[in-house]
Every structure is written in C-alpha cells, then in structure tokens.
Amino acid sequence: KNGALKTKSIDMLDLSPETDTEELISQIRKSEPLITASRIGQVKLLILRLQEKLSQQDNRRFYLFKVNHNSPICLFICHIFITGSYDRTCKIWDTASGEELHTLEGHRNVVYAIAFNNPYGDKIATGSFDKTCKLWCAETGKCFHTFRGHTAEIVCLAFNPQSTLVATGSMDTTAKLWDVKTGEEVATLTGHSAEIISLSFNTVGDQLVTGSFDHTVSLWDVSSGRRVHTLIGHRGEISSVQFNWDCSLIITGSMDKSCRVWEAVSGKCLATLAGHKDEVLDVCFDYTGQFIATASADGTAWVYSAASYQSIARLEGHEGEISKICFNPQGSRILTASVDKTARLWDVQSGVCLQVLEGHTDEIFSSTFNYEGDTIITDTCHS
C-alpha cells in the first residue's frame with residue numbers, strides 16, 4: 001500500500017491430509033478480508049501442496065558421514081552447519097561435502113553456546129567460558145562485535161526472531177540483551193539467585209524465558225527488561241526451557257525428575273508431567289506445539305500431548321542417560337542423543353525405534369536435524 005509492503009501470518013497448526021480444504025479456506029477468508037475471491041485458487045493450491053507434503057511417508061534411513069572437531073554442540077542452517085568446541089573455536093562446515101569453510105577464532109576459553117540467527121542464517125553468535133559473546137558473519141567468518149559485560153561463563157544464548165537482539169545467560173546469575181547492529185548492551189535481566197542454564201525467546205520476540213539452578217523460571221518483557229512472572233514449583237535445578245509456537249505455553253525440565261507446562265499469560269502451572277525416574281535433562285515442543293518430548297538421565301524419553309498432557313509414547317532402548325532430544329521439522333520423528341555413544345531415531349506416534357545411529361566412540365552430547373529433516377548431526381567431545 002503506497003509502496004509499503006506488509007506481511008501477516010496465518011497459522012494452520014492443525015492442518016492434516018484429511019482437512020476439508022474448502023472449509024478451511026472459508027475460515028481463513030472470514031478472519032482475513034485481504035484474501036479476495038480472485039485469490040482463492042492460489043490459496044487452495046498452497047493448502048493442497050502443504051497437505052501433499054504432510055501425507056508423504058518418511059521412511060528414510062541415515063548413513064554415517066564424518067567431520068572432525070572436538071565439539072560439544074552443533075547447529076544447522078540450510079547448506080551449512082556450525083560446531084563449538086573445547087579448543088576455543090567455532091567452525092563452519094559445508095553440509096554436502098563436510099568441508100570446513102571457516103574457523104572462528106578469538107575466544108580465550110571453551111566455546112560452549114552457539115546459535116544461528118534463524119531464519120536468516122547470515123549471522124552466528126558464540127558464547128564462551130571467557131565471559132564474552134561474539135557476533136560473526138556466517139558467510140565470511142568476520143567478527144562483527146564482542147559483547148563484554150558478564151562476570152562469569154556464558155552457557156546459553158539465542159537470537160530473537162527478528163535478528164535484532166542476542167540474549168546471553170551466564171553463571172553470574174544474569175541474562176543480558178545485546179543489540180546486533182551496534183554491539184551495545186540493551187538490558188541486564190537480574191533476579192535469579194543462581195546460574196542461568198537455559199533461555200528462549202518466544203516466536204513473536206517480545207518475551208524471553210530463563211531457567212536457573214535456583215529452581216525457578218523467569219518470564220521477561222523484552223522491550224522493558226522487566227520480569228513479568230516467576231514460575232515457582234520445581235524442586236530442583238532447571239535444565240531446559242522453551243515456548244510453544246503460538247507463545248501461549250512454556251515447558252520446563254528439571255533435575256527434580258519432572259517436566260512442567262505453564263501458561264505464559266498468567267504464569268500458572270497447568271500440568272506436571274511425571275514418569276521419569278531420574279533427572280529430566282532436556283525438553284522440547286514440536287514445531288506446531290502439539291507434542292512435548294522429554295529426555296532423562298534414566299535412559300528413557302517420553303512423548304506427551306500438549307493439549308491433554310497425556311503420555312503418547314515411551315521411548316526405551318538407550319543404555320545410558322539421554323542428554324538431548326528434538327523433533328524433525330515435520331513432527332513425525334524424534335532424535336535422541338545418549339551417553340551410550342549412540343543416537344536413536346524414533347516414530348513419534350508409536351514410540352518405535354526406527355534406527356540406531358552408531359559410530360561414535362564417546363558420549364554424544366548434542367544432536368539435531370537440518371531444516372529439511374534429511375540430515376542429522378551428532379556430536380561428541382572427541383573426534
């Protein structure tokens with residue numbers, strides 16, 4: 001309008017191959033008057049293409065392809081992936097060839113936390129035990145900024161969805177917000193009484209959640225740096241925190257052997273997901289927020305419905321604690337990484353183990369899918 005382009009998202013998180021296309025289009029038109037009669041055919045085509053993609057059978061198997069870097073963490077973005085390491089560097093790799101593209105050098109201690117600025121993928125943030133965070137160009141490896149201000153190790157970080165801010169969490173009990181463009185500190189979030197071990201922006205980018213070893217979770221307003229809610233209820237250190245897609249729910253995993261579901265608006269605990277016999281080390285929503293997965297030191301993982309909080313599947317087979325868990329982008333598969341030196345691929349609905357990914361000679365600390373869901377990275381501390 002008048003030369004200005006505006007965009008609006010329409011969530012179709014419940015879309016399935018069985019969804020009535022005509023009824024869905026009718027509902028969309030009622031909520032979005034910009035979709036006129038002349039656009040109905042285009043919208044219908046898009047929905048049919050999405051339904052076709054959802055109905056595709058996922059029977060792929062994964063095959064071993066190695067690169068060497070003593071890296072405890074790894075992340076994908078499209079054609080490249082990054083690894084952070086105890087050797088004080090972060091490396092950028094080509095996904096197809098396994099070729100090293102750049103080595104990001106400059107930290108003076110372990111690079112413990114890394115992140116891409118998804119969905120753009122042109123910047124990388126690295127957090128280190130040297131108490132600093134660095135911002136890099138993903139294409140050239142150039143360092144744009146070094147964020148200084150924490151007084152202890154940085155152990156978690158994240159970009160906001162707009163790629164304008166980086167949040168860092170530290171052993172100094174604070175989180176900080178940094179301006180991507182200027183490199184300046186925007187806010188210091190104080191209130192926790194122990195180290196912050198996990199943090200996550202919601203998909204809008206207006207709220208940040210932090211989990212701490214003080215057994216509490218804090219919900220922050222990003223624009224003001226004010227704490228909105230303190231989520232109290234866990235009896236042990238918080239291991240992992242995450243928002244669902246529509247920003248309405250927060251899940252938290254704890255060393256008290258439980259996962260909790262919280263309402264973001266009120267800060268109220270809606271459910272406690274019990275069942276694990278040992279510490280819950282990682283939790284996650286699938287991309288639509290319909291499922292919750294938990295991973296535990298007891299060697300099992302669980303899948304729950306985010307609507308009913310009922311268990312759907314129990315994933316058994318690992319011979320040691322499971323440190324990381326994630327869904328593939330399609331929400332049909334779960335990937336787990338374990339100290340038993342294997343990663344496993346599971347069917348979400350049945351809980352059946354589809355493939356054991358072997359080849360490592362040490363504990364696997366990190367694992368993840370790429371965007372398409374057709375490539376997996378697993379990481380140990382030894383090459």
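How many disulfides does the structure hold? It holds 0 disulfides, a disulfide being a pair of cysteine sulfur atoms within 2.5 Å.

The model is predicted, so local features need pLDDT of at least 70 and side-chain atom pairs count only at pLDDT 80 or more, while totals for chains, interfaces and linings use all residues. Residues are numbered from 1 along each chain as its sequence is written, and side-chain values use heavy atoms, with hydrogens and water left out.

1. Cysteines. The closest cysteine sulfur to that of Cys137 belongs to Cys143 and is 11 Å away, too far for a bond. Cys353 is in no disulfide either, the nearest cysteine sulfur being that of Cys326 at 14 Å. Cys137 counts as buried at 13% relative accessibility, whereas Cys353, at 27%, counts as partly exposed. Here buried means under 20% relative accessible area, exposed means over 50%, and partly exposed is in between (1.4 Å probe, protein chains only).

2. Helix α2. This helix covers residues 40-55, and its 16 residues should span 22 Å at 1.5 Å a residue; the end C-alpha atoms are 22 Å apart, which agrees. The expected span is 1.5 Å times one less than the number of residues. Helices (H or I, at least four residues) and strands (E, at least two) are DSSP runs, numbered from the N terminus.

3. Val43, Ile47 and Gln51 are buried. They cover an arc of only 75° around the axis, which puts them on the same side of α2; the arc is that of the directions from the helix axis to the C-beta atoms. Arg49 and Glu52, on the other side of α2, are exposed. The cover over the buried residues of α2 includes α1 (21-31).

4. His234. This residue is in the loop between β16 (226-231) and β17 (238-243), and is buried, with a relative accessible area of 7%. Its side chain makes polar contacts with the side chains of Thr252, at 2.7 Å, and Ser258, at 3.5 Å. A polar contact is a pair of N or O atoms within 3.5 Å; within protein, one must be able to donate a hydrogen and the other to accept it, and residues adjacent in sequence count only if both atoms are side-chain atoms. Leaving aside residues up to four places away in sequence, the residues that His234 touches include His215, Asp256, Arg260 and Trp262, contact meaning heavy atoms within 4.5 Å.

5. Ser366. Strand β29 (residues 364-369) contains Ser366, which counts as buried at 5% relative accessibility. Its C-alpha atom is separated by 6.3 Å from that of Ala337, 29 residues apart along the chain.
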